[in-house]
Amino acid sequence: MTQMLSLSDGRQIPQLGFGLWQVPASSTAETTATALRLGYRLVDGAAIYGNEEGQGEGIRRSGLPREDIFVTTKVWNSDQGFDKALRAAESSLKRLRLTHVDLLLVHWPCPSKDLYLETWRALIRLKEDGKALSIGVSNFQEPHLERIIGETGVTPVLNQVEINPRLQQSALRAFHARHGIVTQSWTPLGQGLSFDAAPVQAAARRTGRTPAQVVLRWHIQIGASVIPRSTREAGLLENLALFDFSLTEGEMAAIASLDTGERCGPDPARFEMS
Ligand code: NDP
């Protein structure tokens with residue numbers, strides 16, 4: 001159903017998944033089970049989303065073998081530091097009721113805390129202990145990546161960052177490519193702010209797809225892993241149908257021209273919320 005991307009540690013990740021931010025805890029199990037039944041195989045969660053119990057329950061409810069599902073969670077900012085991150089990961093596994101996750105991420109660098117290097121060392125330990133099969137980061141910028149790679153010699157397999165047609169992060173993506181880091185796009189629909197743009201509308205007309213599908217297909221064709229969220233079954237299905245059409249080079253170039261550098265979310269260099 002979905003293509004796989006290779007991770008630098010030899011494992012693979014589905015290119016398309018679904019995200020659980022702001023999915024109510026009370027309906028997360030149902031949303032997760034539905035998405036998995038529809039064909040998704042990657043579920044992106046985080047401790048701070050407050051719905052890891054539902055994420056784990058949905059995985060069990062889907063009836064799929066655990067090894068067929070790629071499970072991500074993240075260590076929150078207030079849990080940064082070596083010992084705290086180890087404990088936080090254990091707590092996530094307890095809430096998920098899983099023995100391991102497929103991917104564990106440091107959620108934000110929080111540079112002014114200056115704990116992301118120690119946190120990364122904890123993730124290296126968690127991988128050695130089999131609690132996380134792969135480890136990566138989120139919202140890291142080049143200096144943060146350079147520092148953790150330089151200090152530990154361990155390169156994150158993936159960096160999950162905000163990307164949409166208005167915020168294309170070309171320089172960071174080029175850095176990722178040089179280091180074998182998979183780019184994963186969060187808030188990939190960019191709050192729909194590019195849906196009305198002429199290049200998106202033109203591609204939607206030509207392909208007979210929705211603007212959301214055109215934008216998600218753009219993520220696929222730039223080589224990113226993408227994790228849209230929908231709490232509607234119709235939305236989940238729409239976002240899954242990305243592999244039976246493609247955008248032309250001209251359409252990709254036209255969408256590339258929409259880059260304004262405007263963020264939907266916070267600036268990782270300053271974001272410290274604990
Ligand atoms: P998305 O870009 O996935 O957009 C979600 C919104 O778009 C919802 O309001 C949804 O509404 C709507 N939507 C979904 N599909 C469609 C469609 N086909 N047509 C029109 N509207 C649609 O935003 P998110 O911010 O949720 O980002 C995705 C995931 O990325 C998160 O869930 C989370 O897992 C991750 N993330 C990670 C962050 C990080 O710091 N690492 C930060 C933010 C997000 P409806 O439910 O009604 O369909």
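Begin by selecting α1 and α9, which pack at an angle of about 40° with their axes 10 Å apart. The axes are lines fitted to C-alpha atoms, for helices over the stretch in contact, and angles run from 0 to 180 degrees between N-to-C directions. The helices (H or I, at least four residues) and strands (E, at least two) are DSSP runs, numbered from the N terminus. The model is a predicted one, in which local features need pLDDT of at least 70 and side-chain atom pairs count only at pLDDT 80 or more, while totals for chains, interfaces and linings use all residues. Residues are numbered from 1 along each chain as its sequence is written, and side-chain values use heavy atoms, with hydrogens and water left out.

**First stop: α1 against α9**

α1 and α9 are therefore oblique to each other; angles under 35 degrees count as roughly parallel, over 145 as roughly antiparallel, 65 to 115 as roughly perpendicular and the rest as oblique. The crossing of α1 past α9 is right-handed, a crossing being right-handed if the near helix is turned clockwise from the far one by less than a right angle and left-handed if anticlockwise. Display the side chains of Thr31, Thr34, Ala35 and Leu38 on α1, and those of Glu233, Leu236, Leu237 and Leu240 on α9, which make the contact. Contact here means heavy atoms within 4.5 Å. Sorted by class, the contact of α1 with α9 comprises 5 nonpolar, 2 polar and 1 charged residues. In this scheme Ala, Val, Leu, Ile, Met, Phe, Trp, Tyr, Cys and Pro are nonpolar, Asp, Glu, Lys and Arg are charged, and the others, Gly among them, are polar.

Centre the view on Thr34, a residue of helix α1. Is Thr34 buried or exposed? Thr34 is buried, with a relative accessible area of 15%; the term applies under 20% relative accessible area, with exposed over 50% and partly exposed in between (1.4 Å probe, protein chains only). Leaving aside neighbours within four places in sequence, Thr34 is in contact with Glu233 and Leu236.

**Second stop: α8**

Next, select helix α8, residues 211-221. Of its 11 residues, 9 are buried, so α8 is largely enclosed by the rest of the structure. The buried residues are Ala212, Gln213, Val214, Val215, Leu216, Arg217, Trp218, His219 and Ile220. After α8 comes Gly223, whose phi is positive, near 90°.

How many aromatic pairs does the structure hold? There are 4. Rings of Phe, Tyr and Trp (its six-membered ring) pair if their centres lie within 6.5 Å; planes under 30 degrees apart count as stacked, over 60 as edge-to-face and the rest as tilted.

Select Phe18 and Tyr40, an edge-to-face pair at 5.4 Å centre to centre with 70° between the planes. Phe18 lies in strand β3 (residues 18-19) and Tyr40 in the loop between α1 (25-38) and β4 (42-44), so the pair ties together parts that are 22 residues apart in sequence. Phe18 is buried at a relative accessible area of 1%, and Tyr40 counts as buried at 1% relative accessibility.

Then select Trp108 and Trp186, whose ring centres are 6.2 Å apart and whose planes stand at 65°, so this pair is edge-to-face. Trp108 is in the loop between β6 (101-106) and α4 (116-128) and Trp186 in strand β9 (residues 182-186), which puts the partners 78 residues apart. Trp108 is buried, with a relative accessible area of 6%, and Trp186 counts as buried at 14% relative accessibility.

Select helix α5 (residues 142-152) and helix α6 (residues 170-179), which pack at an angle of about 20° with axes 11 Å apart. That angle makes α5 roughly parallel to α6. The contact is made by Glu142, Leu145, Glu146 and Ile149 of α5 and Ala171, Leu172, Phe175, His176 and His179 of α6.

**Last stop: two loop residues**

Most residues other than glycine have a negative phi. Select Gln22, in the loop between β3 and α1, where phi is positive, near 70°. Finish at Asp114, in the loop between β6 and α4, with a positive phi near 55°. Asp114 counts as partly exposed, at 45% relative accessibility.
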